[in-house]
Amino acid sequence: VTERGETKPRLLHLACGDQAHPDWVNVEFFPHSVRYSFPVLGALFRRGARQVTSAGAPLRLADLRRGIPFPDASFDAVYHSHFLEHLDRPAASRFLRECLRVLRPGGVMRVVVPDLEVRAREYLAALEAARRGEQGADLLHEWSVVDIVDQMTRTDLGGEMQAWIDAGWPWRRDRPPAPRPPAARPGLRARISRLLVGPPTPERTGELHRWWYDSYSLVKLLRETGFEGPELRRLGESAIPDWKRYEFETLPDGSPRHPGSLYAEARKPR
Ligand SMILES: C[S@@+](CC[C@H](N)C(=O)[O-])C[C@H]1O[C@@H](n2cnc3c(N)ncnc32)[C@H](O)[C@@H]1O
């Protein structure tokens, strides 16, 4: 309850990445970092497992595959963006059941995932354009395969996709991927961390994608998990109060931060 007696919604932002917000309880994990793997030792490096980001946002460290570390019915809204596809299918179902558990009856979950349909259509269009020999289609065709496959198969951090992102993809789609400079020698802190917890790999950092969703399968999964009225939403459209104020999904110029995404919302039955 605020000073003026208004009730503030209790908001939970899971797998927030660099989007932690002071009005939300933010959850992330850093499995390859010393402070996460050894909380006591980690406290010597920095503060322990509960911390606050530089922007003053509360941050809770947790591996969401092991559940959501909050009691039943403790939030009015739960939000996760570009996280569900990082879980294999059994883990995704468990995670969505956990989202349902921590929501109050009538509470809303907003989920954002990359859209398989967008990629599949883009791939087919690029393939046909490349066969016709259209200018730029060769590059677009290669990108469209990287966009579908790389995050599921990469063995290096950032994968092949990083070089494309460095060249401006997917926003500007005209330059070939930039050759990546050889990796710099890790600094002292990184070397100590590697000794203690092993090297960061895509498996461990959680950057691998383990499934793809489209508008049909996402809505079906939400319904099967027990959510009520799953619905697709537009960018910026939400039942969460003041949604636009948080600017999680847009860049400063208003364009989507994750182009080609699906936005869906569903409620916990009352
Ligand atoms: C693609 S990023 C999305 C970040 C942010 N939500 C956004 O939309 O930009 C996926 C995030 O999920 C986090 N993550 C992956 N596996 C996780 C797990 N098991 N538990 C908690 N966070 C995890 C990663 O650390 C990463 O920050």
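Which side chain has a polar atom 2.8 Å from the backbone nitrogen of Gly 17? The side chain is that of Glu 28, and the pair is a polar contact (N or O atoms within 3.5 Å; within protein, one must be able to donate a hydrogen and the other to accept it, and residues adjacent in sequence count only if both atoms are side-chain atoms). The model is predicted, and local features need pLDDT of at least 70, side-chain atom pairs count only at pLDDT 80 or more, and totals for chains, interfaces and linings use all residues. Residues are numbered from 1 along each chain as its sequence is written, and side-chain values use heavy atoms, with hydrogens and water left out.

The secondary structure of the protein chain comprises ten helices and eight strands, taken as DSSP runs (helices H or I, at least four residues; strands E, at least two) and numbered from the N terminus. Of the 270 residues in the chain, 43% are buried, where buried means under 20% relative accessible area, exposed over 50% and partly exposed in between (1.4 Å probe, protein chains only). Among contacts (heavy atoms within 4.5 Å) with a separation of 6 or more, 72% come from residues 24 or more positions apart.

Glu 28 belongs to strand β2, residues 25–28. With 14% relative accessibility, Glu 28 counts as buried. Beyond its neighbours within four places in sequence, Glu 28 is in contact with Ala 15, Cys 16, Gly 17, Leu 59, Arg 60, Leu 61 and Ala 62.

The ligand is surrounded by 17 residues, each with a heavy atom within 4 Å of it. The closest of these residues are Ala 15, Glu 28, Asp 63, Ser 81 and Arg 257. By class, the shell holds six nonpolar, seven polar and four charged residues; Ala, Val, Leu, Ile, Met, Phe, Trp, Tyr, Cys and Pro count as nonpolar, Asp, Glu, Lys and Arg as charged, and the others, Gly among them, as polar. A polar side-chain atom of Glu 28 is 2.4 Å from an oxygen atom of the ligand. For Arg 257, a polar side-chain atom lies 2.8 Å from an oxygen atom of the ligand. At Ala 15, a polar backbone atom is 2.8 Å from a nitrogen atom of the ligand. The ligand on its own has 590 Å² of accessible area, of which the protein covers 85%; accessible areas come from the Shrake-Rupley method with a 1.4 Å probe, and for residues only the protein chains shown count as cover.

Aromatic rings were also examined. The count comes to 14 aromatic pairs, with rings of Phe, Tyr and Trp (its six-membered ring) pairing if their centres lie within 6.5 Å, and planes under 30 degrees apart counted as stacked, over 60 as edge-to-face and the rest as tilted. Trp 143 and Trp 169 form a tilted pair, because their ring centres are 5.6 Å apart and their planes stand at 35 degrees. Trp 143 lies in helix α5 (residues 137–153) and Trp 169 in the loop between α6 (161–166) and α7 (188–197), so the pair ties together parts that are 26 residues apart in sequence. Trp 143 is buried at a relative accessible area of 2%, and Trp 169 is buried at 0% relative accessibility. The rings of Tyr 246 and Phe 248 are stacked, since their centres are 5.7 Å apart and their planes at 15 degrees. Ring pairs join Trp 24, Tyr 79, Trp 243, Tyr 246 and Phe 248 into a cluster.
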